[in-house]
Amino acid sequence: MLEWSQVSLPEPASVQAFNLQIVYEGCLVVAFFISFVVLFFMRMVVFNTATCSVYLECGRLEVFWSVLPFMMLVCICSISVFALYVNDETNEDPLVDVVVVGHQWYWSYQVGVDGGPEVFKWDSRIVSRSVDSPMDFQDYWTVDRPLPVPVGGVTRVLVTSEDVLHSWGAPRLHLKVDAIPGRLTRGLFELKLPGVIKGMCVELCGAYHSMMPTIIEGLGEADFWQWASRPS
């Protein structure tokens, strides 16, 4: 979960999120390097009048600051396109297919496991606050039935809406899939470790928009198959 004091991206919980964070941090390194070079030469031009003319009329330097940024842009573009392609396409079939339907103001899930004919269906609603609820409002992240997904297997989500626009996802997944009435929007993720991943609907959808948490529970292989083998 994001904190007010946090200045970096949340810890990635999926392989796809890790790929995107590598691209983000690589771009930050390049941006800091470019800023350093630009500020260095600005200092030389402003505070060193003796060598100012040398820098302004140096052909080799002009080639350097023309070719180097071009090569950096090519590298950034190549890494970004590769990460986006890897995140969107996979050579293996999804282990789990999840159909997510947004409602005002809860989520409905339909889960189908690869190789099994049975489909599990349920609604995931926020648990109402009570007089004993703490003041930190952490119970706004509590639902009656979270979404269980396996760790180490590709999960494909197909998201739609029954009424208005919603958006399904979680910051630690670096995933935001819009729920549009009459359309199916696809997303992929592969969890790295077991745990609970928290998110919220981030598309303004009405009066209780802030009460549509997305709670995903990453289960180990044995635990997930035990859940999938129970009667629906």
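A salt bridge is taken here as a side-chain nitrogen of Lys or Arg within 4 Å of a carboxyl oxygen of Asp or Glu. The structure is a predicted model, in which local features need pLDDT of at least 70 and side-chain atom pairs count only at pLDDT 80 or more, while totals for chains, interfaces and linings use all residues. Residues are numbered from 1 along each chain as its sequence is written, and side-chain values use heavy atoms, with hydrogens and water left out.

**Salt bridges**

A search of the whole structure finds three salt bridges. One of them joins the side chains of D97 and R156. This pair links distant parts of the chain, since D97 belongs to strand β1 (residues 96-103) and R156 to strand β5 (residues 154-161), 59 residues apart. The pairs and their N to O distances are listed below.

| Residues | Distance, N to O |
|---|---|
| D97 and R156 | 2.6 Å |
| R125 and D123 | 3.8 Å |
| K176 and D178 | 2.7 Å |

For exposure, buried means under 20% relative accessible area, exposed means over 50%, and partly exposed lies in between (1.4 Å probe, protein chains only). D97 is partly exposed at 28%, and R156 is partly exposed at 26%. In the R125 and D123 pair, R125 is partly exposed with 37% relative accessibility, and D123 is partly exposed with 32%. D178 also counts as partly exposed, at 29%.

**Overall organisation**

The protein has four helices and 10 strands; helices (H or I, at least four residues) and strands (E, at least two) are DSSP runs, numbered from the N terminus. The order of elements from the N terminus is α-α-α-β-β-β-β-β-β-β-β-β-β-α. Of the 232 residues, 34% are buried. Contact means heavy atoms within 4.5 Å. Among contacts with a separation of 6 or more, 62% are between residues 24 or more positions apart. The accessible surface, from the Shrake-Rupley method with a 1.4 Å probe and, for residues, only the protein chains shown as cover, comes to about 14,200 Å². Carbon and sulfur atoms account for 63% of that surface.

**Helix α1**

Helix α1 covers residues 15-47. Its expected span is 1.5 Å times one less than its number of residues. For the 33 residues of α1 this gives 48 Å, and the end C-alpha atoms are 48 Å apart, so the two values agree. The buried residues of α1 are Q16, A17, Q21, V23, F41 and M44. Q21 has a relative accessible area of 13%. Apart from neighbours within four places in sequence, Q21 is in contact with L9, P10, P12 and H174.

I34 is also found in α1 and is partly exposed, at 37% relative accessibility. Together with F33, V38, L39 and M42, I34 makes a nonpolar surface patch of about 450 Å². Patches consist of residues with over 30% relative accessible area and no salt bridge, with like charges joined within 9 Å and nonpolar side chains (Val, Leu, Ile, Met, Phe, Trp, Tyr) within 5 Å.

Strand β6 (residues 166-170) is largely enclosed by the rest of the structure, because five of its five residues are buried. H166, W168 and A170 point one way from β6, whereas S167 and G169 point the other way. Strands pair if DSSP finds at least two bridges between them; β6 and strand β7 (residues 175-179) pair in the antiparallel sense over five bridges. Within this pairing, W168 stands opposite V177 in β7. The two strands form a hairpin with four residues between them.

H174 lies in the loop between β6 and β7. The phi of H174 is near 50 degrees, a positive value in a residue other than glycine.

The peptide bond from Q104 to W105 is cis, with omega near 5 degrees. W105 is found in the loop between β1 and β2 (106-113).

F120 lies in strand β3 (residues 119-124) and is buried, with a relative accessible area of 3%. A separation of 8.5 Å lies between the C-alpha atoms of F120 and A228, which are 108 residues apart along the chain.
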